[in-house]
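This report covers selected local features of one protein chain. Please view the sequence and the model together while reading.

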Amino acid sequence: MAVVDSGVEVTHPEFSGTLSDGQPKVYQQFDFVKMLPNMNNLGNSQGADHGTCCASAVTAQSNNASTVTGVNEGVSGVAGNCRLIAIRRPGGRESLYAEMYLWAAGFDANSSTTRFPAQITPGADVITNSFGASVNVPISELMCMTFDRLTDDGRSGRGVLLFFSAGNINCDLDSTFHRPWGMYDRCFCVSASTLDDDGVTEIKASYSSFGSTVDFCAPSNDNEGVHNPPTVFGAHTATRLAMPEGGALPGHSDRLTHLTAAVAAGSGTVTVNSATGLAANQAILIGTPGAAGTEGRQITAVNAGTSQVSFTPALRNAHGAGTVAAAGPRSHRSDFGGTSYATPVCAGAGALMLSANPRLQWNQVRDILRSTAVKIDPANTEAKGRWRDGDGRISTASGYTGPLFSEFFGFGRIDVAAAVRRAQRFGSRWSKRGDNRPEWSDASGWDDVANYSTMRLAVARDDLYLVARGDAGVDTWRFDTATSTWSKRGDNRPEWSDASGWSDVANYSTMRLAVARDDLYLLARGGAGVDTWRFDTQG
């Protein structure tokens with residue numbers, strides 16, 4: 001799993017340790033700004049946290065132990081048991097982006113850039129991209145060729161999965177080309193859904209951009225601030241330890257205490273049973289995790305004598321005496337979101353599908369995600385966002401056959417469990433192919449053991465060749481695997497017929513078929529010795 005973004009704090013507890021197969025969590029890392037094979041120079045500017053948030057959304061370790069015995073750390077990514085390729089994306093010219101993507105997919109980028117990293121093997125199976133580049137113009141030929149290479153030849157010819165965010169400015173991508181790379185038909189364009197104020201109804205996130213090239217959406221924040229259900233929702237992710245951002249959350253609880261006095265909304269101080277072990281710059285979570293009204297804050301001061309803890313910002317909610325409070329390192333946040341969060345969530349779904357069925361082609365993954373997606377907000381009547389059937393008809397039009405696509409949601413909100421189940425079953429069934437088949441019927445003498453027992457099958461130039469002898473000699477049929485059609489081949493055939501003594505088991509039972517230099521070779525013994533025939537598959 002490659003995360004192309006502002007860089008990832010790979011020393012964060014969510015990316016430490018090993019996976020279930022014993023491999024280290026972090027597989028590769030490269031900073032394409034500094035051209036260095038590490039993440040040591042991410043800087044402290046606002047937003048440098050973004051890549052760490054995205055990486056934790058897709059692949060934060062699952063059930064990883066914290067420094068407190070029996071307490072796990074933080075969050076779990078959608079594909080928490082996948083390895084991480086951490087990439088700090090370059091700025092400026094597209095050519096370096098193209099080289100970066102080729103490198104990430106395991107190709108030789110043939111770069112002349114100083115300190116460009118050596119080729120890696122294997123490359124990424126999935127790449128998630130929560131940013132905009134070359135915005136407001138159609139995609140260039142260079143990037144088309146780059147994404148074609150990744151999907152044609154990446155992952156041993158099955159294609160790398162490329163997920164791109166739709167953007168957060170509520171614009172029509174079709175008229176603005178605000179995210180041209182995500183709009184490309186080899187890439188998966190991801191918009192964002194969220195919950196309405198009832199905490200149940202799924203709707204379009206107000207900020208999410210939209211258009212005819214959106215493939216699907218995933219849940220994200222509602223852009224109203226720090227997570228405060230049931231009316232305000234934010235995504236919980238890791239944040240950089242070096243410079244934490246967002247709504248403060250402890251990754252685990254070093255200290256458990258409780259409020260000894262009720263506190264009103266708007267307060268910046270609480271009194272606790274014991275302030276021992278609490279310190280400035282830690283995070284404190286007031287309330288039961290997951291419960292309505294629970295909120296996290298950054299501790300600014302601790303008065304051990306009065307057991308008072310001050311924090312910022314002020315509380316949104318009132319809390320009663322006895323409310324549990326947990327404190328620990330400020331390593332997570334409660335207010336990430338945007339299509340930046342929805343995109344790695346979808347990428348994680350793709351990674352789980354490939355884990356379940358590595359044989360899937362990139363477009364098969366896309367089609368499964370589309371076909372299993374849930375048609376949310378079915379009653380919306382927005383001119384752009386309302387659902388349409390396969391012929392573009394809306395629900396009030398005559399002949400409407402049901403919802404298929406919405407420019408707000410693509411084919412719907414992804415259903416990860418359904419997609420993985422479909423991936424597990426995909427390809428595990430028979431389907432009858434080729435109606436124009438060889439007519440080797442009983443009526444034409446194919447109930448004779450001297451005929452049916454000689455059937456031989458070979459593969460040449462990716463097509464199937466079926467050979468068998470009949471009463472008048474050998475028949476050769478080719479099955480075109482691209483079109484699923486049969487065609488009879490080769491008039492100048494071996495005349496191993498009944499009339500020439502080939503009804504004798506000592507002859508017909510010796511037929512053997514092989515492929516050499518893409519041609520067929522058929523051998524069998526006759527009355528005077530072994531006969532050898534070559535079938536030119538190009539002629």
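## Conventions

Helices (H or I, at least four residues) and strands (E, at least two) are DSSP runs, numbered from the N terminus. The model is predicted: local features need pLDDT of at least 70, side-chain atom pairs count only at pLDDT 80 or more, and totals for chains, interfaces and linings use all residues. Residue numbers start from 1 along each chain as its sequence is written, and side-chain values use heavy atoms, with hydrogens and water left out.

## Packing of α2 and α3

Helix α2 (residues 94-104) packs against helix α3 (residues 141-153) at an angle of about 0°, and the axes are 10 Å apart. Axes are lines fitted to C-alpha atoms, for helices over the stretch in contact, and angles run from 0 to 180 degrees between N-to-C directions. The two helices are therefore roughly parallel (angles under 35 degrees; over 145 is roughly antiparallel, 65 to 115 roughly perpendicular, and the rest oblique).

On the α2 side, the contact (heavy atoms within 4.5 Å) involves Glu-94, Ser-95, Tyr-97, Ala-98, Tyr-101 and Leu-102. Helix α3 contributes Leu-142, Met-143, Thr-146, Phe-147, Arg-149 and Leu-150. These residues divide into 8 nonpolar, 2 polar and 2 charged. Here Ala, Val, Leu, Ile, Met, Phe, Trp, Tyr, Cys and Pro count as nonpolar, Asp, Glu, Lys and Arg as charged, and the others, Gly among them, as polar.

## Salt bridges

A salt bridge is a side-chain nitrogen of Lys or Arg within 4 Å of a carboxyl oxygen of Asp or Glu. The count by this rule is 17. One of them joins Arg-149 to Asp-153, with the closest N and O atoms 2.9 Å apart. Both residues lie in helix α3, 4 residues apart, about one turn of the helix. Arg-149 is partly exposed at 35% relative accessible area, and Asp-153 is partly exposed at 40%. Buried means under 20% relative accessible area, exposed over 50%, and partly exposed in between (1.4 Å probe, protein chains only).

Arg-370 and Asp-215 meet at 2.6 Å, N to O; Arg-370 is in helix α7 (residues 362-372) and Asp-215 in strand β8 (residues 214-219), 155 residues apart. Arg-370 is partly exposed at 23%, whereas Asp-215 is buried at 3%. Asp-498 and Arg-469 form a salt bridge at 2.7 Å, N to O. Asp-498 sits in the loop between β21 (485-489) and α10 (505-508), and Arg-469 in strand β19 (residues 463-470), 29 residues apart. Asp-498 is partly exposed at 30%, while Arg-469 is buried at 0%. Asp-49, Arg-333 and Asp-335 are linked in a network of salt bridges.

## His-12

His-12 is in the loop between β1 (2-5) and β2 (26-31) and is buried at 0% relative accessibility. Its side chain reaches the backbone oxygen of Ser-331 at 2.9 Å. Leaving aside neighbours within four places in sequence, His-12 contacts Ala-238, Thr-239, Leu-241, Ser-331 and His-332.

## Backbone geometry

The peptide bond from Thr-121 to Pro-122 is cis, with omega near 0°; Pro-122 lies in the loop between α2 and β4 (126-129). The bond from Pro-229 to Pro-230 is also cis, with omega near 15°, and Pro-230 is in the loop between β8 and β9 (235-238).

Arg-115, not a glycine, has a positive phi of about 65°. Arg-115 is in the loop between α2 and β4 and is exposed at 52%. Phe-177 has a positive phi near 55°, lies in the loop between α4 (173-176) and α5 (180-183), and is partly exposed at 31%.

Key:
Polar contact = N/O pair within 3.5 Å; in protein donor to acceptor, adjacent residues only side chain to side chain.
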